[in-house]
Amino acid sequence: MNKFYVIIISIFLSMALGKIIIPILKSRKIGQNIRQVGPKSHYQKAGTPTMGGIIFILSALVMTLILLPLNLETAIILISFIGFGAIGFIDDFRKLILKQSEGLSPRGKLILQFGLALIITILAYINDRDSVSQILLPFINKSINISILGFPLLVFIIVGATNATNLTDGLDGLLTSVSLPVFISLAILAKNTDLEIFSLILFGSLLGFLIFNSYPASVFMGDTGSMAIGGAIVALAIIMHLQIYLVIFGGIYVAETLSVIIQVLSYRHRNKKRVFLMTPIHHHFELKGHKESKIVVGFTLVSVILCMITLAALI
């Protein structure tokens, strides 16, 4: 199938699913809970349908099953994409439907994440040993053999990446928008392979979802969607030997995570002093007076630049 048709069909399928799923979420009153400690501007979003990640997950899953061969490579991608989406779904389900305030416990969530990450790492090793035992150094593009150390490193990268995308999902359309250049860049780097098609499917599915998710959002993706996006990106990065480059083209996710780590460390070790007004860092800019839509545009532009740097280094 023509690559442009892949994108177009994915867009329209995602839009069609959105028209079906969003009213269901509304009728069942599966709405977003807003943290009292969050920015006051977010209070008006209370009750907005969430768990909308189901929309682009289903769109991408259908397109993938139709267009890609059922081999180990496809299995790795789907297990990571759907698997981490399922962990997010369980968390959302317990919080929003079972009305358990915390959802999955932090310990329970980490156990599931590390278990799934280990399975993905083992499958990646079976598919291509070098994807685990070799790492490609950025810019000099030289691979070094790290042998068995690749297993814990890869597990850490997988868990870190999925939690990083989860942290980035905090403004209307933010995670969706910053991930679009990531997927199109991965498609360019994976030219003429099944990985290119999967990247284009995700690009189109997210673009269709953005119609509902952009400011003011009529649906949020929830942990269901944010963790699925992380799972898809990290699976593609592993198979393409771009684990370390993930820090560059996924720089927005890294910055969001680092802001939280820095804030926690500063609060604990500097007599409760904070570096940022609020974390993740997109909330810091909100409290500085920047409009939500402008923050999303700014972060997306940074994501585009980081992806262009990655492409320049690899092409």
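Predicted model: local features only at pLDDT ≥ 70, side-chain atom pairs only at ≥ 80, totals over all residues.

Biologist: Is proline 69 buried, partly exposed or exposed?
Modeller: Buried means under 20% relative accessible area and exposed means over 50%, with partly exposed in between. Proline 69 has 37% relative accessibility, so proline 69 counts as partly exposed.

Biologist: How many Å apart in space are proline 69 and alanine 16, C-alpha to C-alpha?
Modeller: In sequence, proline 69 and alanine 16 are 53 residues apart. In space, the C-alpha to C-alpha distance between them is 25 Å.

Biologist: Are α3 and α4 roughly parallel or roughly antiparallel?
Modeller: Helix α3 covers residues 72-97 and helix α4 covers residues 106-127. Their axes are 10 Å apart and the packing angle is about 175°. Angles over 145 degrees count as roughly antiparallel. That angle therefore makes the two helices, α3 and α4, roughly antiparallel.

Biologist: How many nonpolar residues does the contact of α3 with α4 have?
Modeller: On the α3 side the residues include Ile76, Ile79, Phe84 and Ile87, and on the α4 side they include Leu112, Leu116, Ile120 and Leu123. By class, the contact of α3 with α4 has four polar residues, three charged residues and, as the nonpolar count, 12.

Biologist: Is cysteine 307 buried or exposed?
Modeller: Cysteine 307 lies in helix α13 (residues 292-314). Beyond four places in sequence, cysteine 307 touches Pro181, Val182, Ser185 and Phe249. The cut-off for burial is under 20% relative accessible area. Cysteine 307 has 2% relative accessibility, so cysteine 307 counts as buried.

Biologist: Which backbone oxygen does the side chain of threonine 168 reach?
Modeller: Threonine 168 is found in helix α6 (residues 150-168), and at 0% relative accessibility threonine 168 counts as buried. Residues that threonine 168 touches include Leu174, Tyr253, Glu256 and His282. At 2.9 Å, the side chain of threonine 168 reaches the backbone oxygen of alanine 164.

Biologist: How far in Å is the backbone oxygen of lysine 273 from a polar atom of the side chain of serine 266?
Modeller: Serine 266 has its place in helix α11 (residues 251-269) and is buried, with a relative accessible area of 4%. Among the residues in contact with serine 266 are Asn271, Lys272 and Lys273. From a polar atom of the serine 266 side chain to the backbone oxygen of lysine 273, the distance is 2.6 Å.

Biologist: Is lysine 272 buried or exposed?
Modeller: Lysine 272 is in the loop between α11 and α12. Its phi is near 65°, a positive value in a residue other than glycine. The cut-off for exposed is over 50%. Lysine 272 has a relative accessible area of 55%, so lysine 272 is exposed.

Biologist: Is methionine 51 buried or exposed?
Modeller: Methionine 51 is not a glycine, although its phi is positive, about 65°. Methionine 51 is found in the loop between α1 (3-27) and α2. With 1% relative accessibility, methionine 51 therefore counts as buried.

Biologist: What is omega for the cis peptide bond that joins tyrosine 215 and proline 216?
Modeller: Proline 216 is found in the loop between α8 and α9 (222-239). For the cis peptide bond between tyrosine 215 and proline 216, omega is about -10°.

Biologist: Which residue does a cis peptide bond join to threonine 279?
Modeller: The residue is in the loop between α11 and α12 (281-287). The cis peptide bond has an omega of about 0°, and the residue it joins to threonine 279 is proline 280.

Technical notes:
Residues numbered from 1 in each chain as written. Heavy atoms only, no water. Helix = DSSP H or I, 4+ residues; strand = E, 2+ residues; numbered from the N terminus. Buried < 20%, exposed > 50% of the residue type's maximum accessible area, 1.4 Å probe, protein only. Polar contact = N/O pair within 3.5 Å; in protein donor to acceptor, adjacent residues only side chain to side chain. Contact = heavy atoms within 4.5 Å. Axes fitted to C-alpha atoms, helices over the stretch in contact; angles between N-to-C directions. Parallel < 35°, antiparallel > 145°, perpendicular 65-115°, else oblique. Nonpolar A, V, L, I, M, F, W, Y, C, P; charged D, E, K, R; others polar.
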